Amino acid sequence: MHEARFIEETSEHLRVCLPTNPSFRGADWTLRVVSREEEFDQLEERWDELVQHASCTVFQDFAWLRSWWRHEVRAKDAHLHIVVLSCESHIVAIAPLYIEWVRLFGFAPVRCLRFLGRRQSDYLDIIIRHDVNEQDVYAQLVRHLVEYCNQWDVVLLEDIPQRSASSTMLLEAARSVGLEGTAQVNERCPNIILPYCWDEYLRRLSKKERHECRRRERGLQQHFQAEFETITDERELARAFEDFVALHEQAWNDRREPGVFAEKATLAFHREVIGKLFRRGYVRLGFLRLDGKRVAGSYAFVYGTTHALYLLGVSGRHRAGSLGPGIALCCFNIRRAIEEQRRVFDFMRGMERYKYALAAHDEPNWTLTLYAAPRKWFVSARRIRDAVVLWESLRHRLGKELWRLRHAALNDGWLSTETAKQFIRSCFSLIRDGIKKSRAPLQPLYLRTNQSNRTDQQLDRDSETGVSHHDEGSTMPVHSPKPIRTERSRLSQ
């Protein structure tokens, strides 16, 4: 652990380091597994207390994960496996896990041990108190994994942030007891280390982007009665959130794409959790109003020194589209974050071009995979992991293609030429993306999408809307980043 308290600011991330509490050294550790929902509910108070003493995001908050389990997971396919580690009657770490049965192509079930909150959460991690020796915690967790290795086939921990030690120290702890595994980059999350004033931030932008920023601001003020709105009254929250959902879905549906809220379970999850997080001061729901009408919305979270933009929703049918209302709303959020003395503006997952135009830099997310198989079966175990990820991706992609086909049929008729063309495109996309995904299962498809067939004018028009995505098969324009080392040492080496 670190021997002194300090705050280190780098171009990659902001890290808070605290001294180790000597009272936890050499003490007796108690480990228990929470496997029932009643026990999960009883953890709420002590869970919230732990989060206050740990480096966490909103995605480790009890309300977020409890709501996610209620709406996103079917009990017949999964069961809770939350590991609670205590020391001298104090909870010092929680690994929010569950075991999911994944049936490959309809048969051959594989038991995956995963983080709660996956797919809906941009950062997933083990919750550990600042003043505890992390190595001791990871050692205890690995011993538990070995002891219960008959209950899982693959440990698949996705979206561990770069600033977390989990992807390295848990890997090392696993190596010490003979488990096999890898750590690979599975996402990139652009963010901005904020300066202390708005003018300093503008100086970081290119000359072209500074000009565009001022052009948008002048254009919106000259042609419209423009105002930025942030929801501060809980009584207005429910209606405002529905307005945001409508903006977000409209932006994606205009591209014949399903938005994040297309699935009923996902929409029900967010409707429940946003009120709980709003009361804790974590939610920033904002809008750009033009002539009294909401034309762009942002769904963001604030925690610690970070302002994190989760989703954007922008009306593509408003005549202000050429002025980039989505980008204008992003700039307003950045400016407010600076005024609130936040140190990081986090765009989270997704590599849309507008994020890099606003001076963001990549930070990778990691996937940690552990196998219970002996060393000689390492390659076979890794193929099982790849097959699990590939099957889930194809199943999710099939749902998207069915949505597109239904959307085309409702608009043009089931027997129309456009619906037939959409059917052919969907079949081709499933085959093409299945082949791409099979080559690098952990990488999102948009990292390998070839944008060369799109004109610069199309890319610029898409970027102006500023629609953020959190979806596997997105066709949004992406930035070409500098290469990041995508795999850490294999344990058998």
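Visitor: Is D346 buried or exposed, and which side chain of opposite charge is nearest to it?

Guide: D346 is buried yet has no salt bridge; the nearest side chain of opposite charge is R163, at 4.4 Å. Keep in mind that this is a predicted model.

Visitor: OK, what does the side chain of D346 reach, then?

Guide: It reaches the backbone nitrogen of M348, at 2.7 Å.

Visitor: And which residues does D346 touch, leaving out those up to four places away in sequence?

Guide: D346 touches Y123, R163, P190, N191, T306, H307, A308 and L309.

Visitor: Which strand is D346 in?

Guide: D346 is in β17, which covers residues 344-346. That strand belongs to an open sheet of six strands, in the order β12-β17-β16-β15-β14-β13, with mixed pairing.

Visitor: Which strands are at the edges of that one?

Guide: β12 (191-193) and β13 (226-230) are the edge strands, and each pairs on one side only. Ignoring direction, neighbouring strands in this sheet are turned by 20° against each other on average.

Visitor: How many bridges are there between β14 and β15?

Guide: Eight bridges, with β14 (residues 283-290) and β15 (residues 293-303) paired in the antiparallel sense.

Visitor: Switching topic: what is the order of strands in the open sheet of four?

Guide: The order is β3-β5-β6-β9, and the pairing is antiparallel. β3 (29-34) and β9 (127-128) have a single partner strand each, so one side of each has no neighbour in the sheet.

Visitor: How many bridges hold β6 and β9 in their pairing?

Guide: Two bridges, and the pairing is antiparallel. Within it, A93 has I128 in β9 as its bridge partner.

Visitor: What about β7, how many of its residues are buried?

Guide: Five of its seven residues are buried, so by the cut-off of under 20% relative accessible area the strand (residues 97-103) is mostly covered. β7 runs antiparallel to β4 (residues 78-80), joined by three bridges, and A78 stands opposite E100 in β7. β7 also pairs with β8 (residues 109-115) in the antiparallel sense over seven bridges, with R103 opposite P109 in β8.

Visitor: Last one: which residues of α5 are buried, and what do they pack against?

Guide: In α5 (residues 166-176), the buried residues include S166, S167, M169, L170, L171, A173 and A174. The buried residues of this helix pack against α4, β10 (154-161), β11 (180-188) and β18 (364-371). Just after the helix, G178 takes a positive phi of about 90°.

Notes. Residues are numbered from 1 along each chain as its sequence is written. This is a predicted model: local features need pLDDT of at least 70, side-chain atom pairs count only at pLDDT 80 or more; totals for chains, interfaces and linings use all residues. Side-chain values use heavy atoms; hydrogens and water are left out. Two strands pair if DSSP finds at least two bridges between them. Buried means under 20% relative accessible area, exposed over 50%, partly exposed in between (1.4 Å probe, protein chains only). Lys and Arg count as positive and Asp and Glu as negative; His and the chain ends are not counted. A salt bridge is a side-chain nitrogen of Lys or Arg within 4 Å of a carboxyl oxygen of Asp or Glu. A polar contact is a pair of N or O atoms within 3.5 Å; within protein, one must be able to donate a hydrogen and the other to accept it, and residues adjacent in sequence count only if both atoms are side-chain atoms. Contact means heavy atoms within 4.5 Å. Axes are lines fitted to C-alpha atoms, for helices over the stretch in contact, and angles run from 0 to 180 degrees between N-to-C directions.
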